[in-house]
Amino acid sequence: MKKIIILIFLVLLVSTAASAEVQVSDNLTYGFGGYVGNYTDVIAGLPLDFNLQGSFLVSSSSGVRSLAFTAGGGKDFFYQMMSLNALYTGNRSGTYLFDGLDAAFSVRPFMILTTFADIQLEIGYAYTNHTLTTIPKSTSSQSLRLGMGLGILQTINFAVSYSYYRYPDIPENLLAQISQYAYWSPALAGVVSVVSGFPAESVDAGYSQLFFEALNSYVNYSFLRYVTNDVMSSLTAGADYYVLENLSLGGSYSVSFSQGSASQYISVSTAINF
């Protein structure tokens with residue numbers, strides 16, 4: 001039922017194209033270890049500075065098929081100086097699934113200087129309900145996210161965020177048992193890493209630069225520490241080329257490190273505005 005709701009939501013986003021600016025992007029990722037993932041994202045800008053967002057990720061690795069999706073929206077205030085966004089997030093992966101709500105508030109305190117330096121600060125809160133079909137009891141987590149972005153001369157951008165996770169109603173022995181189901185989905189090109197399972201804290205950092213108003217290159221780094229103190233990290237480098245003013249093609253290379261081993265991924269993407 002929830003899959004149908006998400007699909008209907010994406011269709012509604014596309015149907016707003018006649019009265020709003022819509023961006024549709026699609027990313028296809030292949031991993032040398034047998035990973036295949038397709039990520040589709042739709043963002044629609046509506047009148048009065050409202051927006052709608054929806055995404056759908058289908059992936060397969062080692063014979064396990066995963067589905068992840070989001071649906072939500074937000075609003076900008078005071079000529080985009082402030083914004084408030086809320087997203088429903090979901091995941092269905094074998095015996096593990098979760099449903100959550102993510103809310104974020106961001107502010108750009110120096111709007112008058114955006115031509116030279118654009119600073120954005122963000123605080124986010126997420127509540128997630130985790131379920132393992134092998135364990136009858138659902139468990140919840142809460143996370144707090146702090147982020148900051150800096151844009152220079154509208155061509156160079158830096159961004160960093162830190163997230164901290166709490167599991168207030170899970171006994172330590174049960175947490176150790178269920179945390180083995182936690183997994184890492186590699187960062188997709190231009191997309192924040194999809195983190196699921198039972199992390200303790202995570203860090204995301206990125207750098208991008210626009211050349212000749214046609215080529216946008218970027219580097220993203222992600223670090224994740226689980227409640228078991230296992231760590232995983234991911235490094236992505238890529239670029240998007242604007243073939244037309246409203247059409248871009250992209251590609252990236254990613255490598256994820258976990259427990260002394262490395263997994264490599266190649267992504268191709270396209271995005272269109274209309």
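View 1. At 17% relative accessibility, Arg145 counts as buried (under 20% relative accessible area; exposed is over 50%, partly exposed in between; 1.4 Å probe, protein chains only). The model is predicted: local features need pLDDT of at least 70, side-chain atom pairs count only at pLDDT 80 or more, and totals for chains, interfaces and linings use all residues. Residues are numbered from 1 along each chain as its sequence is written, and side-chain values use heavy atoms, with hydrogens and water left out. Arg145 meets Asp102 in a salt bridge (a side-chain nitrogen of Lys or Arg within 4 Å of a carboxyl oxygen of Asp or Glu), at 3.1 Å, N to O. Asp102 is in strand S6 (residues 96-107) and Arg145 in strand S8, 43 residues apart; strands are DSSP runs (E, at least two residues), numbered from the N terminus. Asp102 is buried too.

**View 2. Glu122 and Arg145.** The closest N and O atoms of this salt bridge are 3.3 Å apart. Glu122 lies in strand S7 and Arg145 in strand S8, so the pair ties together parts 23 residues apart in sequence. Glu122 is partly exposed, with a relative accessible area of 29%.

**View 3. Arg225 and Glu201.** Their salt bridge has its closest N and O atoms 2.9 Å apart. Arg225 lies in strand S13 (residues 215-226) and Glu201 in strand S12 (residues 199-211), so the pair ties together parts 24 residues apart in sequence. Both are partly exposed: Arg225 has a relative accessible area of 24%, Glu201 one of 21%.

Key. Helices (H or I, at least four residues) and strands (E, at least two) are DSSP runs, numbered from the N terminus.
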